[in-house]
Amino acid sequence: MNKTISTYWKIQLTGWLTASLYWGFQAFFSGNFIWKIGVADLILDVSIGIGLTHLYRNFVLKKRWNKLNLKKLIPKMIIGVLILSLVYTVLIAGKLYLVRLFILKGDLLPFTVFFKSMQLQIFITGTRLMSIWVLAYHLYHYSRLELQTVKENARLSIIVKEAQLNNLSAQLNPHFFFNSLNNIKFLVLENPHLARRAIDLLSELLRNSLSSNVEKLILLSDEINLVRDYLELEKMRFEERLQIKIEANEKELTHLILPFSIQSLVENAVKHGIEKRKNGGFIEVKVKAEYDLIKITVQNSGKLSKEIKDSGIGLKNLKERLLLQYNGQAFFEIKEMQDETVLATILIPSK
């Protein structure tokens, strides 16, 4: 296989060769040019420039400076440029002295005297070069980071809209809609008060589904209220076949969460769990803080089929949204327990 030079090394070689050739041409046209010194200076200037900047690049990647925001990055850049310039000054001065010592083979000033006479000029040149390199390097990474953020935000926006449409589809599917209206029809005669409540719940669910102003994150309390409304409406349909338990402290409810995340798990529990069991079962939703995480669990009676686990309507969507929103710091898992229950778990950062 043919090995190709990466863009990084092409830029490094081109940049430092250009700078070194510029200095060589200046020396050539000054009238005091010696070819052996010129070639040696060219090779060593390029080597020193690439060596120093490559070490800086490796250090930045190791310390993950390329992930910092500008406010934290700028002071580190300034310190980096100063250190690079000081090292550059010492190396270039030593290079100039040694090249002339070996090629000219004449009497030269002591190195300390030579260094004092050249240090300011070399330091200014080094500061200028290192500032340009460091600024260009970080601007490149910053622009890539911004572009990646824009792309991820766009993907997240699309996925949120898909979640909204999936939620709307779940609310308006003929089976759910027919059962809800059929229950309301009987409740109108038997319990008008409960019928009005059912209509209010159905209206609220439809309003949330049809809302075109879906935010990227919502209060956990709003998501829990949506789940309560949905389960209350389903309770009217299943009656004693559905047992509901929701546990959440007021403190945890102030945290932010992806919209329709718990709701999609609860709908999944009703559709693939409670509906398929003759005697129904239970749905339990818990929210609690654990260390620096918020743990959300939805447990329900039923079994987890491979089809639901691998390609459930809302599960892949939820995994992708969690991955994008929390940069891989969130966790999602759904598994079947030994007591014929299914447990879905979401872990998100609390800060």
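Me: Which residues line the second largest cavity?

Reply: In this predicted model, the second largest cavity is lined by N66, L68, L73, H138, H141, Y142 and L145.

Me: What is the volume of that second largest cavity?

Reply: The volume of the second largest cavity is about 30 Å³.

Me: Which helix gives the largest share of its lining?

Reply: That is helix α4, residues 111-172, which supplies 4 residues of the lining of the second largest cavity. Y142 has its place in this helix.

Me: How far apart are the C-alpha atoms of Y142 and N66?

Reply: A distance of 7.1 Å separates the two C-alpha atoms, although Y142 and N66 are 76 residues apart along the chain. Both residues belong to the lining of the second largest cavity.

Me: Is Y142 buried, partly exposed or exposed, and why?

Reply: Y142 counts as partly exposed because its relative accessible area is 28%, and that class lies between the limits of 20% and 50%.

Me: How does the lining of the second largest cavity divide by class?

Reply: The lining of the second largest cavity has 4 nonpolar and 3 polar residues, with no charged residues.

Me: How many cavities of 30 Å³ or more are there?

Reply: The count is 2 cavities of 30 Å³ or more. The largest cavity holds about 100 Å³ of space.

Me: Which residues lie nearest the centre of the largest cavity?

Reply: N268, A269, N300, I334 and V342 lie nearest the centre, out of 13 residues that line the largest cavity. By class, this lining has 8 nonpolar, 4 polar and 1 charged residues.

Me: Which elements each supply at least two residues of that lining?

Reply: They are α8 (261-274), β5 (293-301) and β7 (341-349). The largest share comes from α8, with 5 residues in the lining of the largest cavity.

Me: Is α8 mostly covered or uncovered?

Reply: Helix α8 is mostly covered, with 11 of its 14 residues buried. The buried residues of α8 include N268 and A269, and these two are also among the residues nearest the centre of the largest cavity.

Me: What span does α8 reach from its first C-alpha to its last?

Reply: Helix α8 reaches 19 Å, close to the 20 Å expected for its 14 residues at 1.5 Å a residue.

Me: Moving to the backbone, what is the phi of Y291?

Reply: Y291 has a positive phi of about 60°, although Y291 is not a glycine. For context, most residues other than glycine have a negative phi.

Me: Where is Y291, and is it buried or exposed?

Reply: Y291 is in the loop between β4 (281-290) and β5. Y291 counts as exposed because its relative accessible area is 83%, and the limit for that class is over 50%.

Me: What about the phi of E340, and where does E340 lie?

Reply: The phi of E340 is also positive, near 55°. E340 lies in the loop between β6 (331-336) and β7. With a relative accessible area of 39%, E340 is partly exposed.

Me: Finally, how many helices and strands does the chain have?

Reply: The chain has 10 helices and 7 strands. Of its 351 residues, 39% are buried.

Me: What is the accessible surface of the chain?

Reply: The accessible surface comes to about 21,400 Å², and 61% of it belongs to carbon and sulfur atoms.

How values were computed
Residues are numbered from 1 along each chain as its sequence is written. This is a predicted model: local features need pLDDT of at least 70, side-chain atom pairs count only at pLDDT 80 or more; totals for chains, interfaces and linings use all residues. Side-chain values use heavy atoms; hydrogens and water are left out. On a 1 Å grid over the protein atoms alone, a cavity is a set of points where a 1.4 Å probe fits but cannot get out, and a pocket is an open set with protein on both sides within 12 Å along at least five of seven lines; lining residues have an atom within 4 Å of a point. Grid points are joined across faces, edges and corners, and a volume is the space filled by probe spheres set on the points. Ala, Val, Leu, Ile, Met, Phe, Trp, Tyr, Cys and Pro count as nonpolar, Asp, Glu, Lys and Arg as charged, and the others, Gly among them, as polar. Buried means under 20% relative accessible area, exposed over 50%, partly exposed in between (1.4 Å probe, protein chains only). Accessible areas come from the Shrake-Rupley method with a 1.4 Å probe; for residues, only the protein chains shown count as cover. The expected span of a helix is 1.5 Å times one less than its number of residues.
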